[in-house]
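Dear colleague,

Please find below the structure that I am handing over to you.

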Amino acid sequence: MAATGDDAAAMDSISRAPAAPAAVPNPATTGSGDPEGPEDAGESLVAAPKKHAANSDGGVETAEEALEPAEPDINELCTDMFEKMAIFLQGELTATCEDYRLLENMNKLTSLKYMEMKDISINISRNLQDLNNKYASLQPYLDQINQIEEQVSALEQAAYKLDAYSKKLEARFKKLEKR
């Protein structure tokens, strides 16, 4: 938005106004012998921005306002903020790296456990195979034992039959003898 008429003249006079005189040092602080830090000296020399009543446009910056250096407190606060943000981000990255290291260690341990389980299962499989082979080699003997057991059962039945027959025969013989 271009200024016209009185507004243009007022802005022209503001931009050509002489710079504000430097602030007079405080006699109480100069005589103490303690030199103040550069921050305090900078604050005392910074002049407050001047606003003229003739300027009716509140959104226009004067030349003095645009050229004022930033206050040292803001610079310090920004520096402090960036340092703390760097520390925070460094902490976040460190935590993430530690999380990945932990995950890597957990994966390594899990892999070792699975390898141990694999070795155990291989040993179990080998032992089972050995047992199956031994059982297969004993199978003919087991079959013979079963056959012998059947023969013994049959022989036992025959012995009971023979005993029963002999008792009948004895009873007949005694009957014949009594006659």
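The notes below go from the whole chain to its surface, its salt bridges and its cysteines.

This is a predicted model, in which local features need pLDDT of at least 70 and side-chain atom pairs count only at pLDDT 80 or more, while totals for chains, interfaces and linings use all residues. Residues are numbered from 1 along each chain as its sequence is written, and side-chain values use heavy atoms, with hydrogens and water left out.

**The whole chain**

The protein chain contains five helices and zero strands, and its pattern along the sequence reads α-α-α-α-α. Helices (H or I, at least four residues) and strands (E, at least two) are DSSP runs, numbered from the N terminus. Helix α5 covers residues 72-178. Of the 179 residues in the chain, 2% count as buried. Here buried means under 20% relative accessible area, exposed means over 50%, and partly exposed lies in between (1.4 Å probe, protein chains only). The accessible surface of the chain is about 16,000 Å², and carbon and sulfur atoms account for 61% of it. Such areas come from the Shrake-Rupley method with a 1.4 Å probe; for residues, only the protein chains shown count as cover.

**Patches on the surface**

Patches are made of residues with over 30% relative accessible area and no salt bridge; like charges are joined within 9 Å, and nonpolar side chains (Val, Leu, Ile, Met, Phe, Trp, Tyr) within 5 Å. A nonpolar patch is formed by Tyr135, Leu138, Tyr141, Leu142 and Ile145, which together have about 530 Å² of accessible area. Of these, Tyr141 lies in helix α5 and counts as exposed because its relative accessibility is 54%.

A patch of positive charge brings together Lys168, Arg172, Lys175 and Arg179. Lys and Arg count as positive and Asp and Glu as negative, whereas His and the chain ends are not counted. The place of a charge is taken as NZ of Lys, CZ of Arg, CG of Asp or CD of Glu. Lys168 belongs to helix α5, and its relative accessible area of 60% is why Lys168 is classed as exposed.

**Salt bridges**

How many salt bridges does a search of the whole structure find? The search finds five, a salt bridge being a side-chain nitrogen of Lys or Arg within 4 Å of a carboxyl oxygen of Asp or Glu. Three of them are described here.

- Lys84 pairs with Asp80, with 3.3 Å between the closest N and O atoms. Both residues lie in helix α5, four residues apart, about one turn of the helix. Lys84 is exposed at 52% relative accessibility, and Asp80 is partly exposed at 31%.
- Lys108 pairs with Glu104, the closest N and O atoms being 3.7 Å apart. The two are separated by about one helical turn because they stand four residues apart in helix α5. Lys108 is partly exposed at 49%, as is Glu104 at 42%.
- Asp163 and Lys167 meet at 3.8 Å, N to O. They too lie in helix α5, four residues apart. Asp163 is partly exposed at 38%, whereas Lys167 is exposed at 53%.

**Cysteines**

The structure holds zero disulfides, a disulfide being a pair of cysteine sulfur atoms within 2.5 Å. Cys78 is partly exposed, with 34% relative accessibility, and Cys97 is partly exposed at 39%.

Yours sincerely
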